[in-house]
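Hi,

Here is the structure I said I would pass on. Have a look at it first, and then read my notes below.

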Amino acid sequence: MAYRFSANDQFNYEILLALGSAWRRGADVGEVLATAATLTRSDGQSWVRAWGGLGRTVRARAEECAARGRAVSARDAYLRAAGYFGMALVAVDACPDPEARLRELFAEHRTCFDRFAAAGEPPAERVAIPYEDRTLPGYLFGPPDRTGALPTVIVNNGSDGPVSAAWTLLGAPAVERGYRALLFDGPGQQSLLFEHGVTFRPDWERVITPVVDFLTARADVDAGRLVLAGISQAGYWVPRALAFEHRIAAAVADPGVVEVVASWWPQLGPDLRALWESGDRESFDRILGEAMAEFPELAARWRWRAKPYGITSPFDLLTEVSRYTVLPVAHRITTPLLITDPEGEHFWPGASARLHDALPGPKELIRFTAAEGAHLHCEPMGRARFEQRVFDWLDARLGLDPGAAAPGRVRALEKERKIS
């Protein structure tokens with residue numbers, strides 16, 4: 001893509017995601033470009049100040065609109081503010097007292113998303129999904145003017161994305177097409193990690209099976225038409241769960257992930273990988289520690305990625321991440337699975353095709369290209385193209401009438417225009 005907005009690869013990608021989310025009202029193009037233009041430096045503290053500041057400005061606008069009874073304007077601004085706070089979060093580990101900054105920004109992010117969800121038409125239902133000795137917090141969204149048992153998409157977030165991104169990437173298009181959409185925080189994700197310290201686990205079926213139990217017990221969910229769709233690292237969570245949970249009618253992995261640890265090695269290089277493989281824990285941790293002391297931004301990024309695992313030793317962390325592989329259980333997957341394969345995938349290049357080839361059951365691999373503007377990890381700038389191809393496939397798999405959601409959507413849009 002010809003345009004670049006930051007010298008920092010991670011920050012540049014976050015800006016692309018934000019621009020793409022404008023398709024689902026998750027950002028305003030002008031707000032994003034104006035803020036990105038102020039970031040003449042690519043350090044984490046400047047990033048947090050810029051996007052946190054924009055989040056507060058837009059949140060204040062939302063509250064003003066809400067106080068004047070401008071429901072649509074308030075709802076849209078709350079969603080944008082939630083997204084901007086989510087962007088700020090990715091660099092909190094570069095700030096002094098990062099845990100305090102995280103708590104502050106996450107609370108603002110989640111408050112804004114809660115208010116957006118409550119202002120929907122219809123309002124989202126806040127749910128608590130029984131899980132082991134606690135519950136998983138979530139939001140169940142539904143389409144306007146439709147009742148009864150509806151097909152439902154379980155939106156599985158990735159490793160560190162905010163819930164607002166899960167909404168714009170998968171939840172919003174599902175609801176527009178007449179599905180219910182369940183967004184939830186699993187172990188290592190969002191509120192479970194930041195507020196309760198619950199970390200990732202490789203056996204993700206232990207997470208999805210309680211979610212399926214919860215949904216199939218509801219009268220407003222069509223238990224025979226459940227979809228499991230995942231973004232980013234959920235390209236591992238989804239197939240892992242499908243190997244054991246067979247009540248899912250169709251699934252999507254965006255992109256496919258075979259071995260999660262594969263995304264860690266490029267930033268380390270072959271020599272460090274060989275040292276790790278040798279088992280020399282002391283030398284590996286010493287060398288990584290020296291590198292992080294010399295390059296604070298590298299250290300901040302490492303801490304952010306390591307946070308969901310709850311492990312500080314680099315050697316032990318990579319040992320744990322290496323357990324997250326779908327290869328030993330891929331032969332058990334029988335659910336129809338759609339796998340995206342975006343050109344320029346930089347976290348797990350080649351993994352989508354590997355996962356596709358390992359599956360014994362119904363499967364499809366969809367290529368997204370730079371020529372159509374839908375390349376890169378999770379197709380950040382090609383959302384319309386992504387939605388059309390993925391949800392047309394799901395509708396066909398579930399035997400849904402492609403026009404079933406149209407009347408309710410038209411009436412909802414007409415209502416929004418009247419309110420505005």
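To start with a cysteine: is Cys 95 buried or exposed? Cys 95 is buried, at a relative accessible area of 10%; buried here stands for under 20% relative accessible area, exposed for over 50%, and partly exposed for in between, with a 1.4 Å probe and protein chains only.

Before the rest, some housekeeping. This is a predicted model, in which local features need pLDDT of at least 70 and side-chain atom pairs count only at pLDDT 80 or more, while totals for chains, interfaces and linings use all residues. Residues are numbered from 1 along each chain as its sequence is written, and side-chain values use heavy atoms, with hydrogens and water left out.

Back to the cysteines. With a disulfide taken as a pair of cysteine sulfur atoms within 2.5 Å, the count is 0. Cys 95 has its closest cysteine sulfur in Cys 112, but that is 18 Å away and so too far for a bond. For Cys 112 the closest is in Cys 65, at 13 Å, again too far for a bond. Cys 112 is buried too, with a relative accessible area of 0%.

Helices (H or I, at least four residues) and strands (E, at least two) are DSSP runs, numbered from the N terminus. Helix α3 (residues 44–67) packs against helix α5 (residues 98–118) at about 35 degrees, the axes being 11 Å apart; axes are lines fitted to C-alpha atoms, for helices over the stretch in contact, and angles run from 0 to 180 degrees between N-to-C directions. On the α5 side the contact (heavy atoms within 4.5 Å) includes Cys 112, Glu 104 and Arg 115, and on the α3 side Val 48, Arg 56 and Glu 63 are among the residues involved.

Then there is the sheet. It is open, has 8 strands in the order β1-β2-β4-β3-β5-β6-β7-β8, and its pairing is mixed; strands pair if DSSP finds at least two bridges between them. β1 (125–131) and β8 (363–368) are the edge strands, each pairing on one side only. From one strand to the next, the twist averages 25 degrees. β1 and β2 (residues 134–141) run antiparallel over 7 bridges, and Val 127 has Gly 138 of β2 as its bridge partner. Helix α9 (residues 234–242) packs on the sheet, touching β3, β5, β6 and β7.

Cheers
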